[in-house]
Amino acid sequence: MNANAHWLDARRAEAANRFAALGVPHRRVEDWKYSDLKSAIDGANDDAAAQWSLAALPDGVESFDLAQADAPDWVRKHFGTLPQNAMASASFAQARSGVALRVTKAAAAVRLAFAEAGSARGLVVLEDGASLTLCEDFETVGFTNIGVEIVVGANAQLTHIRMALLSDAVQVEEYAVRIARGGVYRAHLFNGGAKLSRAEFQIALAGENASAQLSGVSVLGDGAHADVTTHVVHAVGHTTSTQLFKHVAGGKSRAVYQGRVTVEQGADKSDSRQTAKALLMGERAEADLKPELEIFADDVKCAHGAAVGDLDDASLFYLRARGIPEAEARNMLVRAFLEEAVDEIADEALRETVWASVEAALPKAMLP
Amino acid sequence: MRTIMLEIKDLHVAVDGKEILKGLTLNIAAGQVHAIMGPNGSGKSTLSYVLAGRAGYDITSGTIRYNGENLAEMKPEDRAAKGVFLAMQYPVEIPGVTTLTFLKTALNAQRRARGEKEFDAMSVLKLVRGKAASLKVTEEMLKRALNVGFSGGEKKRLEILQMSLFEPKLAILDETDSGLDIDALKLVAEGVNTLRSPERAMLVITHYQRLLDYIVPDRIHVLAKGRIVAEGGKELAHELEAKGYEHIVGKAA
């Protein structure tokens, strides 16, 4: 993409150097302890280009194919400017496929899909005061590495519904998000699980009254793996972040949540809440929940919690004692557990779409 | 001669390998209200849980027959469908399941198990509303998650609402009076009294005589250390209140 653009060559070269220094993460890298990418990809082809597709764009949204030359100013201004970890560096250095979106006002929903194997990049820019709902889904195979940068301008609002249905793929996604003053970023993740799935969010609350609201569910049957890793940085004060992740793991599956919240020096009056819970449906399922707080400011409100368990015996008995058969009672309790996180989606139609995927994945996830 | 509905014979029950009930014998006929009184740790709640079929309460010997059937072999949901109801001492909070949805699901599950026609949502709502008002169960409570944020009194009133909705044959009330002030107690007792009928047996488990002033039993059994140590008519409650458990338990030992 942008074959003759020096600015891009320079940014790519930096990314390539970073990746060369860091290498493909493996389980001895602390952040990748629960998701051994190196052994999962085992020599997969990095050079392939994952494909992207966009549904018709609503009024107020323009797109740019990142494989084309002559990128417009808004692409040059933002593309490759947000922080990149090892795999984000890899996708930035290697991707020859990608799409950029720019939103200039209150716009309707956009559907973005990634497919096939390989690397791809995305860039989503919301100008000041703009708003958008971005529905992202995948039909990937083999090994996919997708890096997306999201720039939320002042008082702009992005609702990001990211749906990853069950697949055999190894899929790594890195989302780097920067939220300006008064901006709101809401993300909801659905994970049906994959051979290995890792969705990593690096979120900077960069202006006062910026807010990030993350929620999601993983509904994993035998053999599935889903890793949600988040790092929210309260860079300035009067910023808020909430996280609510629920996981149901059956068979031999693994649900991972690693969430780090950093409140930087001087970021007083920051408010952060973080909850991760997992229900294990059998002896072979595993959940690794790791919420972390790093606080360098004095006057902050931070709460975090994590809990792993199986269905509550007392609740199950109560329902059965009232005549509800065991299988139905278990179903009710698991649904109620997941519903709390899905209810974070304000829009009813979107919520129902996500819930339909939950329903489809549940029967397998409830098997021990 | 009345038909015996619940027949417990020399029942021994262990929890985590520790024997709690040590040879309990008790018969209740249809139409009768029996009370079990006893100090803390006497095995009252164990008896209620073993009758409702909670896991972890192991019958090591003895029998429980309910309308001639072996109750111990039945799943909790089958017991409920056959008319056994336990109003629990600590009703469980279930976030994410609204009270009305729960009532509908439970009622229809019982009806399905009995081969009866299920109710649609509208019929259930009508039925529930008809019974809820007298127990001061509000519309707002019905919309909330089951027992979540309910006061002690609200939880107990909801238990009695369920009892009136499910119309059980054998109702066991486990310390329904605990945590209730006198007004709430009267309300709950009134709800229970309305359900007294010649076809229904009740077992009222309580620590205090107070509840039995409002739900007057036909027979009182005193449970201590896993056995029935004294039996009598309703006047026994007052004797216990006046002289204390030690007096009677001591005499029996």
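Mentor: Let us begin with burial. A residue is buried if 20 or more other C-beta atoms, placed from the backbone, lie within 10 Å of its own, exposed if 12 or fewer, and partly exposed in between. A:Ser272 counts as buried because 24 C-beta neighbours lie inside 10 Å. This is a predicted model, in which local features need pLDDT of at least 70 and side-chain atom pairs count only at pLDDT 80 or more, while totals for chains, interfaces and linings use all residues. Residues are numbered from 1 along each chain as its sequence is written, and chains are lettered from A and ligands numbered from 1 in the order in which they are written.

Trainee: Which residues does A:Ser272 touch, leaving aside those up to four places away in sequence?

Mentor: Contact requires C-beta atoms, placed from the backbone, within 7 Å. On that basis A:Ser272 touches A:His234, A:Ser241, A:Val261, A:Val263 and A:Cys302. The C-alpha atoms of A:Ser272 and A:Cys302 are 4.6 Å apart, although 30 residues separate the two in sequence. A:Ser272 belongs to strand E16 (residues 270-280) of chain A; helices (H or I, at least four residues) and strands (E, at least two) are DSSP runs, numbered from the N terminus.

Trainee: How is a helix to be judged, for example H6 of chain B?

Mentor: One compares its span with the expected value, 1.5 Å times one less than its number of residues. H6(B), residues 152-166, has 15 residues and reaches 21 Å from first to last C-alpha, close to the 21 Å expected. Twelve of its 15 residues are buried, so H6(B) is largely enclosed by the rest of the structure. The cover over those buried residues includes strand E6 (84-87), H3, helix H4 (121-132), strand E9 (170-174) and helix H7 (182-194) of chain B. Just after H6(B), B:Glu167 has a positive phi of about 45 degrees.

Trainee: How many residues of chain B are in contact with chain A, and which element gives the most?

Mentor: The size of an interface is often given as the accessible area lost when the parts come together. Here one may count residues: 19 of chain B are in contact with 18 of chain A. On the chain B side, helix H2 (76-81), strand E7 (94-98) and helix H3 (99-113) each supply at least two residues, and H3(B) gives the most, with five.

Definitions and conventions:
Contact = placed C-beta atoms within 7 Å.
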